[in-house]
Amino acid sequence: MSSDEKPDGRPAAPRSLAEALRARDDASLAALLRARPDLVAPVPTDLTQLATRAGTRASVVRALERLDRFALQTAEALAVAGDPAPYDELLALMAGDDGDTAVAAALPHALGTLREQALVWGGDDRLRLVRTARELLSPSPQHPSPTGLGPTVQEATAGMSPGRIQELVTAAGLPSTHDAVSAAAALTALFTDRERMAKLLGQAPAEAREVLSRLVWGPPYGQVTPDPAAHLRWLLDRGLLLPTAPGTVVLPREVALHLRGGRAHRETQPVPPPVEPAGTRQSSPQAVDATAAGQAYTALATVEELLKDWDEGGPAVLRAGGLSVRDLKRTAVALDVSEPVAAFWVELAYAAGLIASDGEADERYAATPTHDEWRERPAADRWAELAGAWLAATRTAGLVGGRDAKDRTLAALGPGLDRSAAPEVRHRVLALLAALPAGTSPDPESVLARLRWERPLRGPQQEDDLRSRLARWTLQEAELLGVTGRGALSSHGRALLGAPQPQAADDAARTPDSPDVPDTPGDKLPVHHRAAPAGTPGAGPVPPGPSDPQARAAARAAAARLLAPLLPEPLDHVLLQADLTAVAPGPLQRPLADVLDVLADVESKGGATVYRFTPASVRRALDAGRSASDLHAFLAAHSRTPVPQPLAYLIDDVARRHGHLRVGAASAYVRCDDDAVLNEILADKRSAALRLRRLAPTVLAAQADPAALLEGLRALGYAPAAESAEGDVLITRADARRTPPRTPPAPVPEGPPVPDATLLSAAVRAIRAGDLASTAPRKTPGTPPAPGELPRTSPAETLATVQAAVLTGEALWIGYVNADGAASQRVIAPVRVEGGFVTAYDHTADEVRTYPLHRITGVAELADE
Amino acid sequence: MNGPLIVQSDKTLLLEVDHEQADDCRRAIAPFAELERAPEHIHTYRVTPLGLWNARAAGHDAEQVVDALVQYSRYPVPHALLVDIAETMDRYGRLTLSKHPAHGLVLTTTDRPVLEEVLRSKRIAPLVGARIDPDTVAVHPSERGQIKQTLLKLGWPAEDLAGYVDGEAHPIALREDGWALRPYQHQAVENFWHGGSGVVVLPCGAGKTLVGAGAMAQAASTTLILVTNTVSARQWKHELVKRTTLTEDEIGEYSGTRKEIRPVTIATYQVLTTRRKGVYPHLELFDSRDWGLIVYDEVHLLPAPVFKFTADLQARRRLGLTATLVREDGRESDVFSLIGPKRFDAPWKEIEAQGYIAPADCVEVRVNLTDSERLAYATAEAEEKYRFCATTATKRKVTEAIVRRFAGQQVLVIGQYIDQLDELGEHLGAPVIKGETSNAQREKLFDAFRQGEISVLVVSKVANFSIDLPEATVAIQVSGTFGSRQEEAQRLGRVLRPKADGHQAHFYSVVARDTIDQDFAAHRQRFLAEQGYAYRIMDADELLAES
């Protein structure tokens, strides 16, 4: 919408948003652009253009959505106040008649925020909400305001007959006036006068007061029958309820405000809800760090296990991208976790660049070369890498298994999992945790409440909005990763966040934690009072972590340094037991773990690992190229205790039988009862091409196929005979050639199939409609298009004509090209033009449709009939 | 952080036994964790909901459990696991079974939604009566066991405060002349009595009968003893007469041959589960007297119909006795929910260390099949395979060699296949006890064996349980019931009675190499290996060469 704040001719400066912006200093403008980065893409040419852009609907919506709850409530109050409104009126709406010190204290700050974001301009005596914001926030029958207030008396009586208004005035006990406007003004004056109003309401019947109390907090609309009961009659007669449509009445804004004691909101929340510590038992910071480190270790083990599971080729990539549900299930079983948790680990490995699709024709997931480097690094570094990737990722594992807007299942590693808010929410949640004293775990609900305050949803509040879900996932995932321990932020988690140890304080600078920063109500030229945090130029209000790569790397390194001493030291030994198990009482050094993984099956994981030796597992080790003596030496070297006899026996037993049978591939063989002939053949140099190998004194195996072998042997001067699979001598003869089974061709009928009745009737309707569009009489601006031809106008003309038609309510004849490139003519009555789309009643299709403006080739007004 | 305990993610606990705090830790975790495996260095305990609820029933709370884990754990315990433990334990006691003065047995709750939830269950609905008030519902007295079992399966175990009936009093006392209950037997009786009902697990040969006698003396009321077979019944009777003030006349035998009901009655599972025309005519035995105590011998063998009937006996004290609570049918939890939780469990090696059972040398002898046997084995039908390899002729030679080696000692040869046993008996010149041997003949042979008149006895699986052969020092197992773990344990138990001269017992298991016999043997040995019995493996050739 290209609405701009035109100078409206009022005397007080500034006269428009553009002028107000012009008066601001550079720092303040920079703050505006930082808060609303969409305004600089592309960079506006001048302040008028900036003001115009700041007033567009999309940009205003974006800005409103990023306000905290109190600032938004302030904006909502301004939307129901006069335009312009003095500061005192706003304060009265926010704090009510009785006043509210907390609100009074917080209001200047909230107003400052609105001013900074160019949503409000003008001095304190003439506060003006940007028009688009006012339209968005002020009440209308379609979009009830969050304040629950109805239209003003002035608005509600706009369409009323003068006689009726005079009746209202008289019934309310006021002298009659000359015209409708002054009558409405008199009513307004009465309704806003607390004392006279109280007197008037004092006379109301009890049921009437009951009705008013039902409507007072909204929605302000009610239904009445054509013949209302006496108490409703009483209210209607005095204008305390005003009709808006047949059968519908509304409580005028002034009356509601009187009944509410002047408050625009039932509840104001001037102070952000604090993040409460959970429960009574809080852990010591040491216990938190230890628990988090234990979990961090488990996280590493799980990711490594996942990668090992996928080492020899991971699951296939679905055609639409991502992992199939079955593969995710299988992975969950392999990792011994629930599916959502498995999805988290898989996504984490992906976000950290450890796995990716291999891009082959038969696409599968596999480990990346990065993974091989990652594997070789110390445990703490590996963790910091994972946690850093998690913190910055926009991919959201929590969505896996849900459905997208088109009701398709969202697959792990698949498309549609990116949520741009994720890193910011993650960071914000952890920052809130960091603001608590070390070792304190928060009550998750209070964290969510705080987040909802900082970024409330417009419209009805839901429990399950995306940000709340993201926050909940963040808390769970942070615990899984070991960023938190027992719900509290660990010291390495704190370092990762870039927050100072042990308690974060700088956080307050970014959130309205401290509404004590006084913005004097009198400053006409709001100057951005807070300097941008040093070293983070261009950071928005919500920088996702330390913004530049260097600071991020430093934070990761710091986290790794703190974590390293808490992780258990890898061991170089195991305990072997006679029940054919081995227990590693802690993490193992990599080479040892790799060998044991092959040699034994893992039975139980955790702080320790329990391995079980079975014939199959020992065979696996032998298959991997180890000999029995290797294995004995390996176990003896790494066992703290003597190797139990049954285990040694098991290895020998399996080794004895290993490789007893040998299997190989040959494509043909030569058999001869006479060893000497075979010796001759092998000795002959010419037989080398046949790649013969002696399997037994009387058998040679060849890599050449039987036909080539026969040829070759004949060339050597022998007379070989071919043998069938059963050992009979084969007699060769040419075989007749046949195709595989085939069906005869089906007859092809001439012309298209005969259409059925439905299709026919639909076609007739379409033809008739098109006929109407092309034959409708129309005005002829300029050259009339030839009959049956689409009208052609320039885009600017099109826009202007359509906009004019919205105002006049006239029907237009348009030429339209649909997505397939098919042109058609339609007769439409435009209702709304917005964001490049025309919403119109389509006479041709007999329904309301939306057309992109760029697809309209031209418009023409219809001739009057 | 250098404790002896490692908490695994699958809720097993690994205890390093050589650690200096190992004993303290064992005591701390014993109330709630189940000892699963006890090999040489690392013992494995498992934390199950049942174990946690039993701990709650015994008066321990979640904090104690969590503290024990945190205190002794070497690595940080995952917070989620601690939360899970606390939540699981918190589920116990929300529901209570108790006696109401007006309504009889009632189920009450301290948490109304829980009651609502369980009452909505289809399986609970038929067991309860009228709703007395929002928090209380009447329960049919006969369904006390059933409802407890079902609630346990639903995950809301009920605390049973309805108590026990005392039963008909009957004076019984132990006659400790020249012997006394061993400390662990005392402990077992005490734990059982304190808990009300439950299972006592003791190794074979550790004197389970005396625990039963001790419990009877404690109860001093009429007692029903359920045993596996008639021979076992006679031994119980013999032992009770010898060890307690009971006389022959006070003890009745209720079996296929005799149907006596006396203040102390010993019945066999077989007679109880005899079915005639679709009914169990002998089940009324349970109601024939006002029993104050019911003893289930070898509770791991409890047949399904007895399970069902036991569910109806929840008001009477129940004592289960067993050496190995491993049921190949996996119904251990039914035993726990119907008879009662495990009240006492002693690792075999611990009792051995105290000198109450003999140390045993377990040897697996591997024999090779001859070439013709290998071919026969390879071509045999799947169900015949085990028989083919288990009865190889080489086993006979090995058995003879072992018997020769232990000439002059009491040797038992145990097997599964009658043909094989008959042949062995013939070659060894030893009598064979099998299914068709009459009870009188059996007892005569046992007696002769006991007296040392015969030194070698060949027995089939009929003698698996409750035969009492105090002087057997060598057992040779030539074949078994496939991979049954508890059979192996029972057989080892035959030689574990402490020897007069204190020497070692020997247990030989003769196994055919590279066949399913070997696989079954590995499975059979698992229980004992987990109890710390390390099997030695020998080649048959080696053994034959030695002798």
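This is a predicted model: local features need pLDDT of at least 70, side-chain atom pairs count only at pLDDT 80 or more; totals for chains, interfaces and linings use all residues.
**Entry 1**

I started with chain A, which has 865 residues, 38% of them buried. I counted off its secondary structure as 33 helices and 21 strands. For contacts in chain A with a separation of 6 or more, I noted that 66% come from residues 24 or more positions apart.

Then I turned to chain B. I found 547 residues there, with 48% buried. Its secondary structure comes to 22 helices and 23 strands. Among the contacts in chain B with a separation of 6 or more, 72% join residues 24 or more positions apart.

**Entry 1**

**Entry 2: the seven-stranded sheet in chain B**

I traced an open sheet of 7 strands in chain B, and wrote its order as β19-β20-β18-β21-β22-β17-β23, with parallel pairing. Which strands stand at the edges? They are β19 (432–433) and β23 (536–539) of chain B; each has a single partner strand, so one side of each has no neighbour in the sheet.

Next I looked at one pair inside that order. Strand β21 (residues 474–477) runs parallel to β22 (residues 505–512) in chain B, and 4 bridges join them. To find the place by eye, I used I476(B), which stands opposite Y508(B) in β22(B).

In chain B, α18 (residues 418–428) lies across β18 (411–414), β19 and β20 (456–459). I noted its angle to β20(B) as about 170 degrees.

**Entry 3: a hairpin in chain B, and one more strand**

I moved to another set of strands in chain B. My reminder to myself: strands of a sheet pair through backbone hydrogen bonds, either parallel or antiparallel. Here β5 (residues 95–100) and β6 (residues 104–109) of chain B run antiparallel, joined by 6 bridges. The hairpin from β5(B) to β6(B) goes through 3 residues. One pair to look for is T96(B), opposite T108(B) in β6(B).

I then followed β6(B) to another partner, β8 (residues 136–139) of chain B. They are antiparallel too, with 3 bridges between them. V106(B) has A138(B) as its bridge partner in β8(B).

**Entry 4: helix α23 of chain A**

I picked α23 (residues 466–481) of chain A and checked its span. It has 16 residues and reaches 22 Å from first C-alpha to last, close to the 22 Å expected at 1.5 Å a residue. I listed its buried residues too, among them L470(A), W473(A), T474(A), E477(A) and L481(A). Another reminder: an α-helix has 3.6 residues a turn, so residues three or four places apart point the same way. After α23(A) comes G482(A), with a positive phi near 85 degrees.

**Entry 5: positive phi away from glycine**

Most residues other than glycine have a negative phi, and I went looking for exceptions. One is L413(A), whose phi is near 65 degrees. I found L413(A) in the loop between α20 (379–392) and α21 (422–434) of chain A. Is L413(A) buried or exposed? It counts as buried because it has 26 C-beta neighbours inside 10 Å, and the cut-off is 20 or more.

Another is E298(B), with phi near 45 degrees. Its place is the loop between β14 (293–296) and α12 (304–310) of chain B. With 23 C-beta neighbours inside 10 Å, E298(B) also counts as buried.

**Entry 6: R134 of chain A**

Last, I looked up R134(A), which sits in helix α8 (residues 131–137) of chain A. R134(A) is partly exposed, because 18 other C-beta atoms lie within 10 Å. Which residues does R134(A) touch, not counting those up to four places away in sequence? I wrote down A79(A), D83(A) and L129(A).

Conventions
Residues are numbered from 1 along each chain as its sequence is written. Chains are lettered from A and ligands numbered from 1 in the order in which they are written. Two strands pair if DSSP finds at least two bridges between them. Helices (H or I, at least four residues) and strands (E, at least two) are DSSP runs, numbered from the N terminus. Two residues are in contact if their C-beta atoms, placed from the backbone, lie within 7 Å. Axes are lines fitted to C-alpha atoms, for helices over the stretch in contact, and angles run from 0 to 180 degrees between N-to-C directions. A residue is buried if 20 or more other C-beta atoms lie within 10 Å of its own, exposed if 12 or fewer, and partly exposed in between; C-beta atoms are placed from the backbone. The expected span of a helix is 1.5 Å times one less than its number of residues.
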